[in-house]
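Subject: Structure handover and notes

Dear colleague,

Please find below the structure that I promised to pass on to you.

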Amino acid sequence: MELTAKRPKPAAYHNGMLLNRLFAVYLVTMLAGVVILQAESLLASHFENMFPFPLVIVSLGALILAFALLIASAIRLRPVFGVLRIGLGREDEPSKESQTNTALFRLYRLPYELLGGIFLFGLLFSLTFHGYDIVRNLLDENADGLRLLGTVAGEQSLFIFIAIVLFTSVRRILRPVLMRLQPLPSGFDGRASVAQPLVITYTCTFIVTILSLLQLAIVTARPHQAMDPYKFGIIALFYFIMGLSLFSYVTMQFRQELRGLVRGIRGLVGGYGLPLHEAGPILHDEAGELAIAYRELQTRINREYESLERELKLAYNVQQKLLPPGDLTIGAYRITARCQSYREVGGDFFDVVSLGPSRFAIMIGDVSGKGLPAALLMSAQLLVFRSEIRRNGSPSEVLARMNRQLCEAMGEEGSVTIGVGVIDLTNNQVQYASAGHLSPYVVAKDGRFKAVDCSSLPIGIDPEASYDEISLQLEDGDRFLLYTDGLIEAVNRQGDMYSFDGLEAEIATWEPAADLADVVDDWLARMDKESGPGQDDRTVVVLELAGEYRSVLAKLNLVSGEQGAAASAFDNPFMSREWSLRSKLGDERLIALKLGDWIAERWPECDIREDVQTAVCEAMINAIEHGNKLQPNKYVTLIAQIGGMLAVCRVYDEGGGYFPRLSRDEDEMRKKLESEDPRGWGLVMIDTLADYWTTGRDERGFYTELYFMRKSTEAAEGQPI
């Protein structure tokens, strides 16, 4: 296969395109002069003497003059075409620098050469065309010299008008080519003042106006010719409009050269609109130096802006890794949390921390302020909370310890509002304390809701502050809602605040059978549509008690002493074994065989080996399919612990967790028996073979936990042990 070289992209102003634009300017300007001449001829017969030729001849002369200017420009710009064709090269090559110098001089001088050339051409035209009349007027005192003076004044006015238009238009066309030759060679010293072109153009405009007024005065002052006052007014208005148009055109040209700089500087100040590809204004004068300084500033700010964007992206990634997954399952509880930052990083945060087999904590917080400072304080508070909550103590004690640490570290530089709840899986009680955070809501299954009034000073205000604490009892289907003020203070397009009324109206529409994650996502999507992203971070945390399974050990029908023995046996590392495998179906059978051998070794008189193997296999399959989503780079881990009376098997996955809903409804069970679809039978088998099972989360991740009681063969058959 042959590799073909990629054709280079043509320059924005290559040679042919530049000549085409110059010819268009020359032709349009000349034709504009013809139009002005015809308009003057229609106003007064005197003007017909300036160019006593038919319109076709005058137009043909204008076309020939445009071609002549194009040929002259092509000859003068040959060094420029050479530089554009071969490229700029390196600055340390003397030959390339010399060529660039020559090209810059030609580009810079061409508008001035056109201005002087048209001016000289106009003088030569008047001298050639009226030479005989001029000589006769000098020799004959009775000749009409006043008429000749008016005619010459009108001709020179027209030619100077054409020269000014060409001067300003060509400078504008050549500006991008000048910018292509940046940076300027070290030997180029062709700088001028911005006042130079301004003085030239305004002086020429003034001369055009004076000559036009002189011509008008001569026409109206001619003896033996009466002038209609209406025609006189029309002629005066014509010259006024022509002079005003010329003055406005020149002014707009110079004004536009600086407007780009003003817009760019405003963009830099506002932090937006930083395109590096836009050409700056003219070179070689004060405006050019300002353009170069602006581009240097622009490049530096773009570089720093890109660096800041990378840092903010890194900070955002770190912040997201600090937060737990947005969808969690712990025992009989489902947790859905969503955190939306107003900027790249924010000050809202939440956390879910396992405190053992039967307790876990949820927390929501809001740091005062926004942006990177709030994000740094948020990260610190999140780590402090995880450290303090694991030191035990009630939520109020945890908040008090966090408050003392923040006051010592920050002084009066910031404050944080936090709400902390500790949930007991054995009795579904919530111990809740708040440090200045908004009141949470408890939403019952039947749609009733109530606000939980419990709040104290925010963290960081008073190092000796104490925090109130209340106890809540959750029932099956209850939802516990935590949120931040960015949600309450959202304003819609009509200017109405969302407020607590909007929050309570939303809560009242929640359906208990609807999936919790779908409810929260739909709610926030509607808020974004109605109110936009808002002016603050938004965080929502909803805890739902599904109610199907509660405690871990309470339903094993053990006396209290045996419960303690079972729990201590589970925590004994010398009676534990651990296996891990990738998320690949089929490999779980090998681990189940090893677990069965260990059960047979520890409990030789107990005939539950096959039950344990089958139940654990189903739990590992659920972890592979539903937890890890069949992703082969994620692992499933089995930790088995066998005590004297109890065997506990934990199956961990690396996903966000899933909520296994097991229905014991007779109609559904009959449908499963009649159906050939094996899905859904795994939970039925686990529930049938294990004495008890539940789900939870700790520092290692989400797990399914299976309990097996030690039973002898005789006990299983209903005979006394």
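How many disulfides does a search of the whole structure find? The search finds zero disulfides, where a disulfide is counted as a pair of cysteine sulfur atoms within 2.5 Å.

Before the rest, a word on the basis of these notes. This is a predicted model, in which local features need pLDDT of at least 70 and side-chain atom pairs count only at pLDDT 80 or more, while totals for chains, interfaces and linings use all residues. Residues are numbered from 1 along each chain as its sequence is written, and side-chain values use heavy atoms, with hydrogens and water left out.

Salt bridges

The structure holds 15 salt bridges, each being a side-chain nitrogen of Lys or Arg within 4 Å of a carboxyl oxygen of Asp or Glu. Among them, D327 pairs with R338, with the closest N and O atoms 3.3 Å apart; this pair links strand β1 (residues 327-330) to strand β2 (residues 333-340), across eleven residues of sequence. Helices (H or I, at least four residues) and strands (E, at least two) are DSSP runs, numbered from the N terminus. R338 also meets D521 in a salt bridge at 2.7 Å, N to O, and that pair joins strand β2 to helix α14 (residues 516-531), the two residues being 183 apart in the chain. D327, R338 and D521 are thus linked in a network of salt bridges, in which R338 is buried at 16%, whereas D327 is partly exposed at 29% and D521 is partly exposed at 35%.

Helix α14 also holds D522 and R526, which are four residues apart and therefore separated by about one helical turn. Their side chains meet in a salt bridge of 3.0 Å, N to O.

Aromatic rings

There are twelve aromatic pairs in the structure; rings of Phe, Tyr and Trp (its six-membered ring) pair if their centres lie within 6.5 Å, and planes under 30 degrees apart count as stacked, over 60 as edge-to-face and the rest as tilted. The ring centres of F23 and F67 are 4.9 Å apart with their planes at 40°, so this pair is tilted. Because F23 belongs to helix α1 (residues 15-43) and F67 to helix α2 (residues 55-76), the pair ties together parts that are 44 residues apart in sequence. F67 itself is partly exposed, with a relative accessible area of 41%.

The rings of Y441 and Y483 are also tilted, with centres 6.1 Å apart and planes at 35°. This pair links strand β7 (residues 441-443) with strand β10 (residues 479-483), 42 residues apart. Y441 is buried at 3%, and Y483 is buried at 1%. Elsewhere, ring pairs link Y108, Y112 and F167 into a cluster.

Two further places

A592 lies in helix α16 (residues 588-602) and is buried at 3%; its C-alpha atom is separated by 6.7 Å from that of V616, 24 residues away along the chain. N633, by contrast, sits in the loop between α17 (609-627) and β13 (635-642) and is exposed at 52%.

Key:
Buried means under 20% relative accessible area, exposed over 50%, partly exposed in between (1.4 Å probe, protein chains only).
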